[in-house]
Amino acid sequence: MELELAYRPTGKQLAFHASTADEVLYGGAAGGGKSYAICWDALMRCLKYPQTHAYLFRRTYPELEMTLVRTMMRIAPKELGKYVSSAHELRLSNGSVIHFCHLSNEGEGLLKYQGAEIHWLYFDELTHFTKPMYDYLRTRLRAEKRLGITPCVRCASNPGGPGHGYFKRLFIDRRFEAGEEPENYSFVQALVTDNRALMRQQPEYLKQLETLPPKLREAWLYGSWDVYEGQFFEDFRDVPEHYEDRQWTHVIEPFAPDKGWTVCRSYDFGYGKPFSCAWWAVDYDGVLYRILELYGCTRTPN
């Protein structure tokens, strides 16, 4: 029995599916149909090539369930296979399996996939993942000759997130380092205006994006990857005349934190720029004060 799949891709989604590059990034803005394209791509590959395995990743399981699992259950005809919720797998009748996975950390999380043989690797919201996560999972791409396939990576993402600098260098700026071949990487830009179905169903969504703060609007509406290069938050203020009274400024006079306050540390690996390590003091009301910084730039700060 042949089933006609109810998929009418946009021009940008067609370009994403048709790309022959080893690694493809799709999207760059909100509302471009990214998760939808990823699910259809995985489903079509697994149907075309029996006994293959697609792994679809989100950073956390709640995100995975609310996006990729929900979308796949909506688009995949029940006649094609069965979803096994205990294993988070869609098992197709031709022997292919679509695995829904989450990866919250670089330690024990990666070990879960040490023995995996991944044929089709997918990342939704790619920039939420780190370079070590991405690099490790790519090493799981392999396939027996009998399958007659070439494993590949397909991703979707908005700008921003822990991996922004690294993936921007690869897919957007196309600044390659040793061992990285330009023909292996491709980027397909998709905007909300490309998603005709969303525009029909939720015409107010475009207006919502237009009312965002300038830099966030540039990223989510126009797909700009450059707004994250420097200051992202529009409301940051450095007003010397208010250092002492702490009014209308985020920079204040130096002071000694109370001994009972919690002190914690954060770290930005800085794959695209120098690293930055910060120490924070948390007062009894939960207010954070940045009290120390180690910046990894040895020459002129950028």
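Start with the salt bridges: the count comes to 14. A salt bridge here is a side-chain nitrogen of Lys or Arg within 4 Å of a carboxyl oxygen of Asp or Glu. This is a predicted model: local features need pLDDT of at least 70, side-chain atom pairs count only at pLDDT 80 or more, and totals for chains, interfaces and linings use all residues. Residues are numbered from 1 along each chain as its sequence is written, and side-chain values use heavy atoms, with hydrogens and water left out.

**Stop 1: the charged pairs**

Select E23 and R138. Their side chains meet in a salt bridge, 3.0 Å from N to O. The pair links distant parts of the chain: E23 sits in strand β1, R138 in helix α5 (residues 131-138), 115 residues apart. Helices (H or I, at least four residues) and strands (E, at least two) are DSSP runs, numbered from the N terminus. E23 is buried, at a relative accessible area of 9%. Buried means under 20% relative accessible area, exposed over 50%, and partly exposed in between (1.4 Å probe, protein chains only).

K131 is partly exposed, with a relative accessible area of 26%.

Now pick R146 and E144. Here too a salt bridge forms, the closest N and O atoms being 2.7 Å apart. R146 counts as exposed at 56% relative accessibility. E144 is partly exposed, at 40%. Next, show E23, K131, D135 and R138 together: salt bridges that share partners join them into one network.

**Stop 2: the eight-stranded sheet**

Switch to cartoon. Eight strands make an open sheet in the order β3-β4-β5-β2-β6-β7-β1-β8, with mixed pairing. Two strands pair if DSSP finds at least two bridges between them. Which strands stand at the edges? They are β3 (81-84) and β8 (185-189); each has a single partner strand, so one side of each is left without a neighbour in the sheet. On average, neighbouring strands of this sheet are turned by 15° against each other, direction ignored. Axes are lines fitted to C-alpha atoms, for helices over the stretch in contact, and angles run from 0 to 180 degrees between N-to-C directions.

Select helix α6 (residues 164-172). It lies across β1 (23-27) and β8, and runs at about 95° to β8. Contact means heavy atoms within 4.5 Å.

**Stop 3: strand β6**

Select residues 120-124, strand β6. Five of its five residues are buried, so β6 is largely enclosed by the rest of the structure. What covers its two faces in terms of residues? W120, Y122 and D124 lie on one side, L121 and F123 on the other, and all are buried.

Bring in the strands on either side. β6 pairs with β7 (residues 152-157) in the parallel sense over five bridges. Along that pairing, L121 stands opposite V153, and Y122 stands opposite R154. Strand β2 (residues 53-58) runs parallel to β6 and is joined to it by four bridges. Y55 has L121 as its bridge partner in β6.

**Stop 4: A42**

Go to helix α2 (residues 34-48) and select A42. Is A42 buried or exposed? It is buried, with a relative accessible area of 0%. Leaving aside neighbours within four places in sequence, A42 is in contact with A54, L56, M72, I98 and Y122. Then draw a distance from A42 to M66: their C-alpha atoms are separated by 17 Å, at 24 residues apart along the chain.

**Stop 5: the three-stranded sheet**

Move to the other sheet. Three strands form an open, antiparallel sheet in the order β9-β10-β11. β9 and β11 (288-295) stand at the edges with a single partner strand each, so one side of each has no neighbour in the sheet. Neighbouring strands here are turned by 20° against each other on average, direction ignored.

Select β10 (residues 276-282). Seven bridges join it to β11, and the two run antiparallel. W279 has L292 as its bridge partner in β11.

Finish on the surface, with V263, I291 and L292. They form a nonpolar patch with about 260 Å² of accessible area together. V263 is found in strand β9 (residues 262-268). Patches are made of residues with over 30% relative accessible area and no salt bridge: like charges are joined within 9 Å, nonpolar side chains (Val, Leu, Ile, Met, Phe, Trp, Tyr) within 5 Å. Accessible areas come from the Shrake-Rupley method with a 1.4 Å probe; for residues, only the protein chains shown count as cover.
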